[in-house]
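Here is a briefing on how the chains of this model meet. Keep the structure open while you read.

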Amino acid sequence: MVDLISRPRARTRRWTVQSAVGGTIVAVVILAAVVGPLLSPWPPNATDVLASLEPPSLRHWMGTDSVGRDVLTRSLVGAQISLVAGVAVTAAALAIGTVIGSIVAYAGGWLDAAVSRVVDTAIAIPFLVVVLATVAILGPGTVSVGVGMVVVGWAVYARIARAEVLALREHEFIMATRSLGYTSARILLRHVVPNVVRPGLTFATMDVVAAMVVLAAMSYLGFGAQPPVADLGSIIAAGQPFLLSAWWISTLPAVILIALGVGVGLIDDGFSLRRKVS
Amino acid sequence: MILYLLRRLLLSVGQLLVLAILVFLILQAVPGDPVKIMLGERASPAYVETVRQQMGLDEPVLTQLWMYLTRIVTGNLGNSVIFGQPIGTLIASRVEPSAILITYGLVLAIVFGSVLGITAALRSGTVADYSIRILATAIFSMPAFWVGLVLSLVLGIQLGLFPVSGYEPGLVGAFRTLTLPAIALALSLIAVVLRTLRGSMLRVLGTEYVEAARARGYTEGRIVRRHALRNAVTPTISIIAVVLGFLIGGTAVLEQVFGIPGLGSLLVQAVERRDYPVVQVIALLAGAVVILAGLVADLLQAALDPRVRSAIRHG
Amino acid sequence: MSDVRANTPLLEIDDLRVGFGANPASASLTVHGVSLRMDEGRIVGLVGESGSGKSLTCRSILRLLPDRGHIVSGSVRFDGRDVLGLSRAELLAFRSKQVGMIFQDPFSSLNPTRRIGSQMVEALRLALGVSEETARGRAVSLLDEVDIPDPAGKLRMYPHELSGGMRQRVMLAIAMGAQPRLLIADEPTTALDTTTQAQILRLLRRVRDENATSILLVSHDFGVIAEMCDEVVVMYGGYVVESGPVEEVYLRPRHPYTRALIAAVPTLEVPDRDYRRPTIPGPPLGTTRYEGGCPFAPRCVNARPECRDVPMTLVPIDDVHAHATACPFEGRVSA
């Protein structure tokens, strides 16, 4: 009975070449980040000053940095950290934002108006400025940066969720289930939540990459991952003095970020319905 | 209409107020004693007490809030103990490069984003469209600071076309020192402008009034110029207001990369040295700019779209 | 009647095939060989449900196909000229001066961000090559002809400030501005309420009477067609299934689909208590795969295995009327 009232889902999701290519790129990067360091003969933090600033070779596939650490291993470990942090931050923002947005929209009335106003204003403060302010308050570190990002990040998901819930509330099938006597909780859980989370999830896939880029920027400035922990941003920063001489240090982390971005972008593009003039 | 303008202005004022309160809370949120953190381990207790009183931190919170708000309105931004200057002077000395950089970056992003977005829409489905979009996604995924680094390396050091650090005032000086960071800044946004404009152009080109125009024998050029563009621009304007926020954030990082003595690098230094008052003022400024941009965007939309004007009149 | 020109039909579509795909060679067909003939001064109805290909057919007359749409084969001749072979410039002139078109949804057929007057003047200047002032004057008189009150005032308004019926009249005024020989009306009344519908239809008839414009009226409502048209062409699944003079087809339908369509028209008579308005059974177009032969077979009450091999060519039902059907099992009526 419940299925009869389900919202019709767009059936035209197709795997296109784009999604497949994008998916492959992302999978390769993640796989490398997870498995690479395990397979690598070089511990990420093992220094060997005698072998410093070596160009890419068969021994060190992407060369070494200024204190002789293997750049490839280090970058892959850095990618792990960036990925985990990026996903964690986005997941937290998605969860918090969706919950708040849904509740507020479902309740309606003054609560909705008040919270929406606050959210709109909170979004006004530029993202990075808030993150920097959080770092100023809590001190440097990946956690501080993460907290700062969630503090701003949830608002977008709240907006998305709110829009979906408002649309759904009027949707006939909600009224239908109400007339059947379902309790509010049941409506929320089995019908509203799946439909509400979906657009947020779509946004989140691109947001993870954006989050990773912001984290990298913060680490580059010295506010993110603190030594000896190094994420992609800190490695790029460490490689900056050697951009001309030892270009490989800064390049690989950047390439990883770009590859992830392009991959996720392609997946996103491939999944969207192709709108044609008809 | 006048009523709408007044209400909209009031809304902005309200937003600014909320912003000010949120910024005020920054100082309050610091775990531990902010003054001690600011002045460092080695400051004498007497000095710490003096500064605390100067900053009014021994008063109850609401009194502090009131003092804070009244001082902002009268333009008294306080002093920076760490930089040893009144904050107002400090900010004023560093506003120029940041303001120029942001505008420069915004203009570049809008111009190139629009051209590419419209081209991609008109050649939708072709190789040109795909390559433009993939390029845009790739560039969007590049950290702005890395792009800045690469630009400074290639165009600055290797080719010697631009200086890679510092800021020179004046028209020529600004062009020389700010072009590279402006490009780096703009690149991350071109993708957003491009996608939005392309999307709305495609939507407009698929509407029935465009089809009706084709049925009347209008050339594609006329349709794009006189009908499509106007309708496609409106959603893009609101996006730009949002994007401005990211631009401001980006300048903080890029000023560091290129050694530009602007508000962005000031903010970074203030964060490093835990100078909360300065952080607060810059955050307030940044937020105010975005709020004002939102106001301008709303007014522009009303100016361009008669349906919005009608809704305002009757809503 | 030996005037050659009187014998040249205004519009002649011959075995038109339209499909979608990356290019014409690989296109999958949606319109499978439609032929249609229209003489000057007539109102011809094109009736069928959505998906029947009727909209595509009339857009093909103007070569106004969507992305990935191609005219695969066949010909379209307007007043003897080959439309499909026109150069771009000739095509634009053709669209501007010879043919006018009005669309289904009056709410989205006009540019919402420009005033009515500006849009009308633009169209008129392009079609007639006149000055701004002349165009403006002509716009006012056109609006007056379509019964719009205060025409001068309306020029300054925006589309959303007018009702649906008025917008459709404006569309009609613009379309008639260049006094085209042919007016294509694609479901012009579907989005309007019944009262307005009647007004617009009356207006269309007046336009034909006063301007000697021929009208190709597309609809899914046989009632509208029966009321307005001289001849009717019935389409289903991209094929023409029946055609002929409208009274003929209406009173003596010779195709199961036509019969079902006619039966579905609501009437004003009070029905019996047990009366159930017939609906056409079976799945609608597009949800079942087309197996070849007659596309209506899955829903036809007379279907039989041979339907799968029906060539779908039109066969006259007798030697007297210009009435033809694509169903070979309807047989010829002996004279």
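**Chain contacts and burial**

In this model, 39 residues of chain B are in contact with 35 residues of chain A. Contact means that two C-beta atoms, placed from the backbone, lie within 7 Å. The model is predicted: local features need pLDDT of at least 70, side-chain atom pairs count only at pLDDT 80 or more, and totals for chains, interfaces and linings use all residues. Residues are numbered from 1 along each chain as its sequence is written, with chains lettered from A and ligands numbered from 1 in the order in which they are written.

**Chain B against chain A**
- Helices of chain B that give two or more residues to this side include H1 (2-29), H8 (171-205) and H12 (276-304).
- Helices (H or I, at least four residues) and strands (E, at least two) are DSSP runs, numbered from the N terminus.
- By class, this side of chain B has 30 nonpolar, eight polar and one charged residues.
- Ala, Val, Leu, Ile, Met, Phe, Trp, Tyr, Cys and Pro count as nonpolar, Asp, Glu, Lys and Arg as charged, and the others, Gly among them, as polar.

**Chain B against chain C**
- Here 19 residues of chain B are in contact with 20 of chain C.
- H9(B) gives the largest share of the chain B side, six residues.
- That side has five nonpolar, seven polar and seven charged residues.

**Burial and fold**
- In chain A, eight of the eight residues of helix H8 (232-239) are buried.
- Buried means 20 or more other C-beta atoms within 10 Å of a residue's own, with C-beta atoms placed from the backbone.
- Chain C has 11 helices and 12 strands.
- Of its 335 residues, 42% are buried.

Terms used: A residue is buried if 20 or more other C-beta atoms lie within 10 Å of its own, exposed if 12 or fewer, and partly exposed in between; C-beta atoms are placed from the backbone.
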